[in-house]
Amino acid sequence: MKIKAQMAMVINLDKCLGCHTCSITCKNTWTNRSGLEYAWFNNVETKPGVGYPREWERQEKYKGGWVLKSKGKLELRAGNRLSKLLNIFYNPDLADIDDYYEPWTYDYKALTQSPEKKHQPVARPHSLLTGDPLELKWGPNWEDDLAGAPETGKKDSNLRSLEEKVRLTFEEVFMFHLPRLCEHCLNPACVASCPSGAIYKRDEDGIVLVDQDACRGWRFCMSGCPYKKVYFNWQTRKAEKCTLCFPRLEAGLPTVCSETCSGRVRYVGVLLYDADRVQVAASPVSERELYKNQLQLFLDPYDPEVLAQARRDGLDEDWLAAAQRSPVYKLAVEFGLALPLHPEYRTLPMVWYIPPLSPMMQVVNSGQTEAESGEFFAAIERMRTPIEYLANLLTAGDTETVADVFKKMVLLRQYMRSKNLLGQDVPVEDNPWGLNGAALQEMYALLALAKYRDRFVIPNAHKEKAGDLYERQGMTGYDPA
Amino acid sequence: MGIFWWAIFPYLMITVFVLGHIYRYQKDQWGWTARSSEFLEKKYLKWGSVLFHTGILLVFGGHVVGMLIPEAVTERLGISDKIFHTAAIITGSTAGFITLAGIVLLLVRRVSVKRVRKTSSFADMLIAVLLFLVVSMGLFNTFGFNLFVKSSFDYRATIAPWIRGVLVFAPDPGLMNNVPLFFRLHIIFAFAIFGVWPFTRLVHVWSVPLEYLGRRSYILYRSVGPVAKPVKEWERASGDVG
């Protein structure tokens, strides 16, 4: 056993209102530079939809992530190392800038320097690549709140196997928001795809970074990442990606996207995992086992044996304490409410999502304060957002796991409702997850009340142990200038 | 002038080539990249890049065989002059046509596709033009010369010994006295490319990531903690994916 710490995030889709504050603050911090105008290290997609870049989930097209070979070994979907080198003159799987969007700006001078005219002056868009006037036909968030969904929505690969059910018509339509950023995977396909060895995973916190000095611009990381979260800076011709705001994390502060989230839906914390078992966990025959395998990788931060081994592996006391208080551990492991995004890519992603429970009352059609729990549970199957859709997104198609999460959330609501409105502490011990009143109370506190210090439990980096920092200039995702 | 072009100029260019690379490698790791524009334009690049790169590798091999192996060696191996030349013209022309098709596509793309043109540096344009000139003259010398001029010019008795002389620091400019114009221009422009090489995207040639094939692990970790070993050795494997 080799214990490592991983910075991880949970995003509560049940509370995400799609305001894009995370995207905007991230952009203003990291990608407001020429060459990266098109890049959104964090973006919020409306689902169903093809997303950004277009159809990023269609791995038949982009060949991202891993596949299990017949001998039970993992291989990159795009092919082995030799095939990479043979394709080095032209990467057939690369998404081009039109799959993201052609960046543009507006001719603001037309507004500010306009002489007095009969008609209102107009700021027209023009391309930041060519300077030509641009007729906008696609952008970073073209599908916001289902705009254009009748056209593009059907190409959403999560709708596979349920096209018959879902018509995306006005009466039956459903939607939710999906904020996306680099997953800082335990088994990152981008790292494996980089022939120059420029992308690496940090030992201390698991953050995946691009060494700007070592990157030679071969672009295999971009197609290798199944989440399409490595970007090509067309000015520097090198790869750039989300750094999980490590300069902030190192100082104990949450990422910019988490800090500025107006709905307070994000949680950041430490997870301990067994690095020796990563490959085994990523290699089950059935894709549906990936979620459970990944859960089993995470170690109980209260287990004395785990703590002893972690100390032997060089983890500091404040990190172990942070792991014990980690909201991510509670939500993902203890309560089992958060699920990984597309575990079938076999990268073991580390940004997890609490699925959105759409409004229950309409479905249950009671409007009463106290409904039979059976009625609520049955209603989950008839919810507006098809459970199959969420399962394709979060559990490789395993609807039972998603339904289980919903049942826990419904149980929590029932418990709190009767407590708040009727003043009764309804006994709930006979639920299949063994959640008692205290556990539900804790769950409630974390989901509904959690303050800044509860949502973000981030130990400082031990920079006093760092080696030659000058030597490392340029290796952490920034340009060295 | 013969002395300058055939005994001084090549060494000037080789010196700039060597020192330029050392300087840039030390000072500009950040700028050291293939400068790919595939992200901006894929359709023409697909054919242009694959044809050019395949062709230029074949052409490089051809030059090694044609220039560095003396006639005496091939004759002793039982390959007559005639067979050697015929083979050289056929394979050389084929490789030349592939390369020329590639560089023409790439150059036309660089100039005519506005996205690519607008995002090109001066060095990108310069190197595309130089390569086009050198490749087209090279192909003319191999294919066109035999087809149209029908002269019996023997580069193995003139250019080849001269270049071998250059490589051992004993150039004989006299060997180049009766070399036809386009052979001379081909050589001069080729050395010009060596001269600008370190300051252009061509540096990516030295970064072909062959080490990828021998990498112990797919997943690389680096530690922030103190390490005694140099950078490349930081890459520590954990769990092998094969």
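Domain bounds here come from an automatic or database domain assignment. On that basis, 37 Å separate the C-alpha centres of domain 1 and domain 2 of chain B. The model is predicted. Chain B meets chain A through 41 residues of its own and 49 residues of chain A. UniProt's unreviewed entry lists four histidines of chain B under "binding site".

**Domains of chain B**
- Domain 1 of chain B covers residues 2-208.
- Domain 2 of chain B covers residues 211-242.

**Contact between chains A and B**
- The contact takes 41 residues from chain B and 49 from chain A.
- On the chain B side, the elements giving two or more residues are α2 (43-68), α5 (114-118), α9 (211-214) and β1 (220-222).
- Helix α2(B) gives the most to this side, with five residues.
- By class, the chain B side has 18 nonpolar, 13 polar and 10 charged residues.

**Strand pairing across the chains**
- Strand β8 of chain A, residues 199-202, pairs with β1(B).
- The two strands run in the parallel sense, over two bridges.
- R202(A) has R222(B) in β1(B) as its bridge partner.

**Open sheet in chain A**
- Four strands of chain A form an open sheet, ordered β12-β1-β14-β13.
- Pairing in this sheet is mixed.
- β13(A) runs antiparallel to β14 (residues 351-354) of chain A, and two bridges join them.
- Y353(A), in β14(A), is the bridge partner of L339(A).

**Histidines listed by UniProt**
- For "binding site", the unreviewed UniProt entry lists H53(B), H63(B), H186(B) and H204(B).
- These positions span 152 residues in sequence, and their farthest two C-alpha atoms are 23.0 Å apart, so they do not all gather at one spot.
- H63(B) lies in helix α2 of chain B, the helix that gives the most to the side touching chain A.
- H63(B) has 16 other C-beta atoms within 10 Å, so it is partly exposed; that class lies between the exposed limit of 12 or fewer and the buried limit of 20 or more.
- H186(B) sits in helix α8 of chain B, residues 181-196.
- H186(B) has 23 other C-beta atoms within 10 Å, so it is buried.
- Leaving out residues up to four places away in sequence, H186(B) touches V134(B), M137(B), G138(B) and N141(B).

Notes
Residues numbered from 1 in each chain as written. Chains lettered and ligands numbered in written order. Predicted model: local features only at pLDDT ≥ 70, side-chain atom pairs only at ≥ 80, totals over all residues. Pairing = 2+ DSSP bridges. Contact = placed C-beta atoms within 7 Å. Nonpolar A, V, L, I, M, F, W, Y, C, P; charged D, E, K, R; others polar. UniProt positions renumbered as here; feature names shortened; annotations may be inferred.
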